[in-house]
Amino acid sequence: GEPGPNEIWLEYQAFHPSQRSIAVGTTITFTNKDNADHTATSTGHFDSGRIRSGNTYTYTFNTAGVYYFYCNYHANNSSEQGAIRVQ
């Protein structure tokens, strides 16, 4: 399968997709598809906290801008970083 248009999958050493462009007011669902714990963290904007395997976190983007996000547990892994452009 593939993530839906407003979904980002947290996978083993990857965010899928790592880039999204969405409209203001869109809710994105982050789904942990891995066996390990991950986070979806955007400094100053949102922090999912620990997302266990199979669990989700949602965030609604009400302000235009670019939101860079990463996994707190794997912050040094460039493939677990992404960006959401809200316009």
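Colleague: Where is the place of His38?
Modeller: Strands are DSSP runs (E, at least two residues; helices are H or I, at least four), numbered from the N terminus. By that numbering, His38 sits in the loop between β4 and β5.

Colleague: Which atoms do the side-chain values use?
Modeller: This is a predicted model: local features need pLDDT of at least 70, side-chain atom pairs count only at pLDDT 80 or more, and totals for chains, interfaces and linings use all residues.

Colleague: Is His38 buried or exposed?
Modeller: Buried means under 20% relative accessible area, exposed over 50%, and partly exposed in between (1.4 Å probe, protein chains only). His38 has 1% relative accessibility. So His38 counts as buried.

Colleague: Which side chain makes a polar contact with the side chain of His38?
Modeller: At 3.1 Å, the partner is the side chain of Glu80.

Colleague: How many salt bridges does the structure hold?
Modeller: A salt bridge is a side-chain nitrogen of Lys or Arg within 4 Å of a carboxyl oxygen of Asp or Glu. Arg50 forms one with Asp37, with the closest N and O atoms 2.5 Å apart. Arg52 forms one with Asp37 too, at 3.7 Å. Asp37, Arg50 and Arg52 are linked in a network, and the count of salt bridges is 2.

Colleague: How far apart in sequence are the parts tied together by Arg50 and Asp37?
Modeller: The salt bridge joins Arg50 to Asp37. Arg50 lies in the loop between β6 (46–47) and β7 (56–61), and Asp37 in the loop between β4 and β5 (41–42). So the pair ties together parts whose separation in sequence is 13 residues.

Colleague: What is the relative accessible area of Arg52?
Modeller: Arg52 pairs with Asp37. Arg52 lies in the loop between β6 and β7, so the pair ties together parts that are 15 residues apart in sequence. Arg52 counts as partly exposed because its relative accessible area is 47%.

Colleague: In which order do the 4 strands form the open sheet?
Modeller: Two strands pair if DSSP finds at least two bridges between them. β1 (residues 7–11) runs parallel to β4 (residues 26–32), with 4 bridges. β1 also pairs with β2 (residues 14–16), antiparallel, over 3 bridges. The pairing in the sheet is mixed, and the order is β2-β1-β4-β7.

Colleague: Which are the edge strands?
Modeller: The order in the sheet is β2-β1-β4-β7. An edge strand here pairs on one side only. That gives β2 and β7.

Colleague: Which residue in the turn of the β1 and β2 hairpin has a positive phi?
Modeller: Across this pairing, Leu10 stands opposite Phe15 in β2. The hairpin has 2 residues between its strands. The positive phi, about 55°, belongs to Gln13.

Colleague: How far apart in space are Pro3 and Phe30, C-alpha to C-alpha?
Modeller: Pro3 lies in the segment before β1. Pro3 is buried, with a relative accessible area of 14%. Pro3 and Phe30 are 27 residues apart in sequence, and their distance in space is 9.6 Å.

Conventions:
Residues numbered from 1 in each chain as written. Heavy atoms only, no water. Polar contact = N/O pair within 3.5 Å; in protein donor to acceptor, adjacent residues only side chain to side chain.
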